[in-house]
Amino acid sequence: MTRRFFIILLFFSYFFTLSCAGVENLKASLPIKVACVGNSITYGSGLANRETESYPARLQEMLGNDYDVRNFGRPGATLLRKGHRPYIQQKEYANAKAFAADIVVIHLGINDTDPRNWPNYRDEFISDYRALIDTFRMINPKCRVLIARLTPITILHPRFESGTRDWHDEVNEDIEKVARGADVQLFDLFEPLYKRPDLFPDAVHPNAEGAQIIADIVYSTITGDYGGLKMPLVYSDNMMMQYGRELTISGTANTGDIVIVKVAGQIQTTTCADNGKWSVRIDALPAGGPYTLEVSTDKQRLVYHNVLAGDVWLCSGQSNMEFKLALTETSMTDIPKANNAHIRLLNMEARWPTDNLSWSKSALDSVNQLQYLTTEGWKECSSETVKGFSAVGYYFGKILQQKLDIPIGLICNAVGGTGTESWVDRHSLEYGFPSVMYRWNDNDFIQPWVKVRAMENIKLADQSLQRHPYHPCYMFEAGILPLEHYAIKGVIWYQGESNAHNKDAHERLFKLLVNGWRQYWDQPEMPFYYTQLSSHKRPSWHGFRDSQRLLLGQLTNVGMAVCSDIGNKADVHPRRKREIGQRLAAWALNKTYGMTDVVPSGPLFNDVVFNNDLAIVSFDYAEGMTTSDGKAIRTFELAGDDGLFYPAEAKVINETSTIEVKSDKVTAPVAVRYGWQPFTDANLVNAAGLPASTFMSKDYSKER
């Protein structure tokens with residue numbers, strides 16, 4: 001009897017095992033269920049055919065038959081339980097629970113930025129989100145939960161400044177806390193789409209291209225497939241790496257890939273994160289080389305040869321920085337002598353010139369995708385490679401390389417006609433100067449010719465949100481972000497022509513630019529040396545030059561190269577670029593490299609004391625003041641209480657740092673100015689031959 005029972009027990013055990021295996025095999029053969037939980041963005045509102053264009057529909061096509069993707073989006077839904085339309089009270093929520101998904105993708109929070117919701121119930125957001133996650137885990141304890149940082153809301157939203165901008169940021173901060181606390185995977189829909197406002201016709205809902213980008217991100221998050229090992233465009237043969245500081249080398253790869261970086265005898269290894277990003281830190285490289293940089297995974301290997309370590313400078317701005325060496329007055333003599341393997345050039349050139357012509361539709365599409373600049377990678381400086389490079393940048397780098405005897409790398413991404421606002425990052429403008437972003441084609445902050453030229457370039461555009469290099473933020477997104485925080489020593493900048501009509505707006509924009517770039521590169525005191533506008537016959541230029549001078553006292557670690565002595569009355573592009581590069585280099589040598597024997601500037605106005613009918617004007621960098629042509633000092637003027645300026649005589653006082661100014665027509669002066677003409681023949685210089693800057697003193701009559 002015992003033996004018979006034992007045999008029966010074995011039979012049923014064997015049958016049960018086979019049954020369980022069959023169930024497991026059945027489960028393994030079933031598609032993986034993916035629930036896309038969200039609001040109208042998940043649902044596909046605004047799309048011509050949401051059944052095929054919504055991100056869940058696109059995701060299903062990408063994942064294939066091994067997955068079953070369902071759309072549980074509910075337009076208007078809030079994450080907050082006390083919001084105006086709580087997701088947990090909608091039928092889509094009940095259907096999502098019944099689906100019992102293996103993977104739950106949640107994108108909620110956009111509608112919580114509504115003034116009916118966030119101001120009242122923000123404190124409950126984290127607990128409400130945690131409760132939502134728990135409900136899906138209770139149904140399927142093994143489900144994988146992915147939660148998204150929100151897609152952006154653009155500045156065109158009617159409530160952008162009244163709360164949406166700030167509350168959106170706060171919601172994203174809370175979502176990050178939820179991800180940490182609930183041990184779920186966070187993925188980012190904000191950063192990839194933040195730089196693409198053209199994809200949001202109504203400021204909230206992405207178009208079909210935007211929905212495809214969301215699907216791409218979710219696909220990679222689920223599968224870990226980010227397209228394998230990739231490096232930023234700034235990595236190539238002949239590259240220059242910043243020396244003398246610990247460096248971060250970063251790129252993308254597939255989730256879980258082991259990435260190995262080798263350079264100069266160092267080997268660093270890391271594992272690619274689930275967002276497809278990886279980075280390693282390497283010890284400071286000594287100046288010199290050549291080195292070989294190798295980046296590899298078990299399936300791919302990228303090798304960069306002839307790499308040097310030295311100081312890397314970014315050369316940026318508009319056409320006068322873009323101005324090619326081949327077009328300068330000195331090209332015939334300097335290009336043949338330009339061969340120098342210790343100078344490396346990375347030229348990021350515009351694919352379509354901003355001339356008076358209409359771009360093709362394919363060009364317009366590429367512009368929207370931020371594919372405006374192109375590069376062939378780093379090149380050794382030679383007579384062939386330098387002729388198409390920035391003349392100012394080359395002359396700057398040549399002086400540094402000679403004086404410092406270290407390799408110098410120069411990156412140029414300047415684009416003709418671009419305004420300061422196009423180089424400022426989006427976050428800085430949204431919080432620091434949002435009015436410059438509204439109604440760009442009818443915005444008084446934008447110079448009229450700039451708007452007209454841009455409209456001609458995009459004349460054939462099919463959509464109202466077509467982008468252009470002149471648009472606010474565009475060049476930061478197309479020209480700075482692709483550098484991927486590549487380590488640099490500092491910046492030289494030549495720009496302002498497209499903002500000279502409004503010096504007050506430029507003052508705000510320039511500060512946002514400098515501070516924003518320093519934050520981007522995580523260098524609070526990053527050197528930033530800029531060129532003052534030259535002399536040219538445009539009515540606002542003298543006042544603009546003075547406003548640029550005043551910025552020297554409003555920002556730290558900056559310098560300004562004066563070039564009013566080499567301007568051209570009829571041409572906004574003076575061809576004498578050697579002096580400009582040399583003057584920018586003088587600032588760098590003095591302030592950045594501590595060469596105090598190098599005079600960085602011509603005379604800069606310091607103060608004025610009025611003594612009866614005299615103005616005693618003092619200057620910085622004034623040693624050996626004289627005139628460039630040996631003639632009397634020109635273009636000083638004085639004004640009294642009536643505010644009318646009259647020409648004045650000026651003379652240096654006993655070779656001091658002061659100048660005595662007097663006019664027979666002004667008996668009690670209260671203000672003094674110099675070089676106050678758009679195109680000036682001012683001739684004051686110091687012993688180094690560097691010209692004095694245009695200036696106007698404060699009107700002291702208001703304080704009497």
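So, where does Asp425 lie? In this predicted model, you'll find Asp425 in the loop between α16 (420-423) and α17 (426-432).

What I like about Asp425 is that it's buried yet has no salt bridge. The nearest side chain of opposite charge is Arg426, and that's 8.4 Å away. What Asp425 does have is a polar contact of 2.6 Å with the side chain of Ser428. And if you skip the neighbours within four places in sequence, Asp425 touches Cys473, Phe476 and Gly516.

Okay, salt bridges. The count comes to 34, and I'll pick out a few. Arg122 pairs with Glu170, closest N and O atoms 3.0 Å apart. Arg122 sits in the loop between α6 (118-121) and α7 (125-139), while Glu170 is in helix α8, so the bridge ties together parts 48 residues apart in sequence.

Next one: Arg467 and Glu477, at 2.7 Å. Here a loop residue, Arg467, meets Glu477 in helix α19, so parts ten residues apart get tied together. Arg467 is buried, at 4% relative accessible area, and Glu477 counts as buried at 4% too. There's also a network: Asp114, Arg116 and Arg159 are joined by salt bridges that share partners.

Which residue in β28 is the bridge partner of Ala639? That's Ala671.

Notes: Residues are numbered from 1 along each chain as its sequence is written. This is a predicted model: local features need pLDDT of at least 70, side-chain atom pairs count only at pLDDT 80 or more; totals for chains, interfaces and linings use all residues. Side-chain values use heavy atoms; hydrogens and water are left out. Two strands pair if DSSP finds at least two bridges between them. Helices (H or I, at least four residues) and strands (E, at least two) are DSSP runs, numbered from the N terminus. Buried means under 20% relative accessible area, exposed over 50%, partly exposed in between (1.4 Å probe, protein chains only). Lys and Arg count as positive and Asp and Glu as negative; His and the chain ends are not counted. A salt bridge is a side-chain nitrogen of Lys or Arg within 4 Å of a carboxyl oxygen of Asp or Glu. A polar contact is a pair of N or O atoms within 3.5 Å; within protein, one must be able to donate a hydrogen and the other to accept it, and residues adjacent in sequence count only if both atoms are side-chain atoms. Contact means heavy atoms within 4.5 Å.
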